[in-house]
Amino acid sequence: MNATPQRRIAIAGAGLLGRLTAWRLLCDGHAVSLYDAGDLDTPPAAAWTAAGMVAPLAETVVSEHSVYEMGQMALDRWPTWLEELQAPGLWHQHGSLVVAHPQDGNELIQFRRDLDDTLGEGALYQELDGSAIHHLEPDLTRFRHGLFLADEAHLDNRELLTRLLGAIRELGGECHAHTPVEVHPGEVATPAGRHRFDLVIDCRGHGAKPSHPTLRGVRGETLHVTTSEITLTRPVRLMHPRYQLYVVPKPNGRFVIGATSIESEDRSPISLQSSLELSSALYTLSPAFAEARILEQGVNLRPAFRNNLPRVTLSDGLISANGLFRHGYLLAPAVVEHLLSEIRGHGDKPFANLLDGSIPQETLS
């Protein structure tokens, strides 16, 4: 780290992008002030509600090929960053498992075909029979066929956000909770007044919608349950004609189940229908979940542009990074590295054609 700060930088939004960017800029020797409208210890960000999967193969089936490419960067970058945070135990690269009940076998076949069509020979997966599924996950006994995506991983996302906040404070970053801001080139406006900076970075997610007319929020709903009746080592995805359930194991017998994806900006509590669908699908995955206790029902808005891909918009004194959609932990490393290259004035930007925004299309406030 440099002996003296190079620039005074404000970051609006303390979700995943904001925290990662603040941490990396502090490591570069900049003076960083981090602002968020909500609480910092239990943030309202989509990254707190999320399951923390880093699943480029599974997600590319329902998105662009570029999501897969950025996901490959994530698989490389996350272990390195977690070593620097002295938190390597938050990274679990045990692959992910995709299964379907016999009556929904065509969904699994279609998933495999989509992988082949999108990635060709790059689609590295293993077809499994019931015995192989049971070997990977002994508590799953209902499935005869599945796919194993060996390179995929997941993070203990809430602990990661906590560790990032601690690192930011240890490095001298100023952290301002419950402080909504308006962003301007070289300036943030808070309820207490205006503050000048050399650079402002807007990472507010859906909160930045007034600055981005095409930004929308996509509602996602999750269940958090706990049980000692079943153990999973890796994320499991259940193919179904109407919805795709994922179950992600967390420490201490906790599981995150998701996720609905609803084109709505409604933040009200989870609907009865969604709760029933998620719970019923979870029970069909394994009856051992019948006595699981519901700890939390999460609702959040994922920020997305029209193409569901992220965008970094540059102007003098102001940078906006937004639009991670449902791929936060998968795409954040690529976006952060792009931001760092812009600020440093050097470094590779392999996704510049994808991420670079255009000021005339959306005037920043």
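# Exercises on helix packing and sheets

Helices H1 (residues 16–27) and H4 (residues 65–84) pack with their axes 13 Å apart, at an angle of about 60 degrees. Keep in mind as you work that this is a predicted model.

**Exercise 1. Classify the packing of H1 and H4, and find which residues meet there.**

Step 1. Start with the angle, which is about 60 degrees. Angles under 35 degrees count as roughly parallel, and 65 to 115 as roughly perpendicular. H1 and H4 are therefore oblique to each other.

Step 2. List the residues. From H1 come Leu-16, Leu-20, Trp-23 and Arg-24, and they meet Trp-78, Trp-81 and Glu-84 of H4. Sorted by class, the residues of this contact are five nonpolar, no polar and two charged.

**Exercise 2. Work out what kind of aromatic pair Trp-23 and Trp-81 form, and which parts it ties together.**

Step 1. Begin with the search of the whole structure, which finds five aromatic pairs.

Step 2. Look at the rings of Trp-23 and Trp-81. Their centres are 6.3 Å apart and their planes stand at 85 degrees, so the pair is edge-to-face. The cut-off used here is planes over 60 degrees apart.

Step 3. Trp-23 belongs to helix H1 and Trp-81 to helix H4, so the pair ties together parts that are 58 residues apart in sequence.

**Exercise 3. Describe the contact of H1 with H7.**

Step 1. Take the geometry. H1 and helix H7 (residues 157–170) pack at about 35 degrees, and their axes are 9 Å apart. The crossing of H1 and H7 is left-handed.

Step 2. Collect the residues. H1 contributes Leu-16, Arg-19, Leu-20, Ala-22, Trp-23 and Leu-26, while H7 brings Leu-160, Leu-161, Thr-162, Leu-164, Leu-165, Ala-167 and Ile-168.

Step 3. Sort them by class: the contact of H1 with H7 has eleven nonpolar, one polar and one charged residues.

**Exercise 4. Trace the six-stranded sheet from edge to edge.**

Step 1. Write down the order. The sheet is open and runs S9-S2-S1-S13-S20-S19, with mixed pairing.

Step 2. Find a parallel pair. Strand S1 (residues 8–12) and strand S2 (residues 31–35) run parallel and are joined by five bridges. Ala-10 stands opposite Ser-33 in S2.

Step 3. Find an antiparallel pair. Strand S19 (residues 311–315) and strand S20 (residues 318–322) run antiparallel, again with five bridges joining them. Here Val-312 faces Ala-321 in S20. The two strands S19 and S20 form a hairpin with two residues between them, and Gly-317 in the turn has a positive phi of about 85 degrees.

**Exercise 5. Name the edge strands of the three-stranded sheet, then pick out a bridge in it.**

Step 1. Read the order of this open sheet, S10-S11-S12, with antiparallel pairing.

Step 2. Look at the ends. Strand S10 (182–184) and strand S12 (193–196) each have a single partner strand, so one side of each is left without a neighbour in the sheet. From one strand to the next, the twist averages 20 degrees.

Step 3. Follow the pairing of strand S11 (residues 187–190) with S12, which is antiparallel over four bridges. The bridge partner of Val-188 in S12 is His-195.

Technical notes: Residues numbered from 1 in each chain as written. Predicted model: local features only at pLDDT ≥ 70, side-chain atom pairs only at ≥ 80, totals over all residues. Heavy atoms only, no water. Pairing = 2+ DSSP bridges. Axes fitted to C-alpha atoms, helices over the stretch in contact; angles between N-to-C directions. Parallel < 35°, antiparallel > 145°, perpendicular 65-115°, else oblique. Contact = heavy atoms within 4.5 Å. Nonpolar A, V, L, I, M, F, W, Y, C, P; charged D, E, K, R; others polar. Phe/Tyr/Trp six-rings, centres within 6.5 Å; stacked < 30°, edge-to-face > 60°. Left-handed = near helix turned anticlockwise from the far one by under 90°.
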